Amino acid sequence: MNATLPAAPGPNEASYPRRLALFDLDHTLVPFDSGMAWTRHLIQMGAIEPEAEAQYLARCRDYVAGKIDIRQLSRFGLDLLAQFSVPRLRALRAAHEVELRASIPAAARSLVQFHRTQGDLCALVTATVRAGNAPFIEDRKLYMVCRLKQKGKRKEKLVLVKVPSQELG
């Protein structure tokens with residue numbers, strides 16, 4: 001999907017207006033579910049119990065069936081991560097990143113690079129917990145689309161965010 005974004009160029013940005021190229025992650029840019037890959041990685045590292053895989057899959061099925069919403073699905077992933085210290089989470093993510101780099105198809109890399117050379121602003125749209133998808137964002141120099149809502153307000157805003165992986169915790 002492409003849209004035109006009118007805005008002033010930054011010091012290292014192409015002239016505007018720029019097009020926005022939105023990319024879905026799971027089963028689109030990568031041929032698997034990144035949330036499941038992250039869950040399996042945590043299990044393989046001994047960080048979480050093996051039952052977490054079946055629990056994650058059950059929540060994914062509930063989400064697809066409309067039984068839970070995206071917040072409930074994301075909460076499961078976030079609850080798994082809450083037990084880790086920031087240094088431990090960074091170490092788990094770094095090991096996961098090494099595994100994932102080899103699994104990113106050349107065609108996906110080429111597609112994103114094509115849009116970047118065209119001057120498009122590339123954004124990743126995903127429901128996967130941030131720690132699990134950081135390698136995809138950094139590898140492709142993508143932004144992430146986030147939905148923000150102020151406490152006590154009904155109106156939501158969509159914003160583009162780029163946070164370097166080393167800032168995650």
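**Order of elements.** I read the chain from the N terminus and found its elements running β-β-α-α-α-α-α-β-α-β-β. That comes to 6 helices and 5 strands, taken as DSSP runs (helices H or I, at least four residues; strands E, at least two) and numbered from the N terminus.

**What I am looking at.** This is a predicted model, where local features need pLDDT of at least 70 and side-chain atom pairs count only at pLDDT 80 or more, while totals for chains, interfaces and linings use all residues. Residues are numbered from 1 along each chain as its sequence is written, and side-chain values use heavy atoms, without hydrogens and water.

**Inside.** I looked up burial next: 38% of the 169 residues are buried, meaning under 20% relative accessible area with a 1.4 Å probe, protein chains only (exposed is over 50%, partly exposed in between). Then I looked for nonpolar cores, sets of buried Ala, Val, Leu, Ile, Met, Phe, Trp, Tyr and Cys residues joined through side-chain atoms within 4.5 Å. The largest has 17 residues, and Trp38, Leu42, Ile48, Leu81, Phe84 and Leu92 have the most contacts inside it. Helices α1 (34–44), α2 (51–64), α3 (70–81) and α4 (86–101) each supply at least two of its residues. A second, separate core of 13 residues includes Ala21, Phe32, Cys122 and Leu124.

**One residue up close.** Which residues does Leu92 touch, leaving out those up to four places away in sequence? I found Trp38, His41, Leu42, Met45, Ala47 and Phe84, with contact meaning heavy atoms within 4.5 Å.

**Helix α3 again.** I also noted Ile70, which lies in helix α3 and is partly exposed, with a relative accessible area of 31%.
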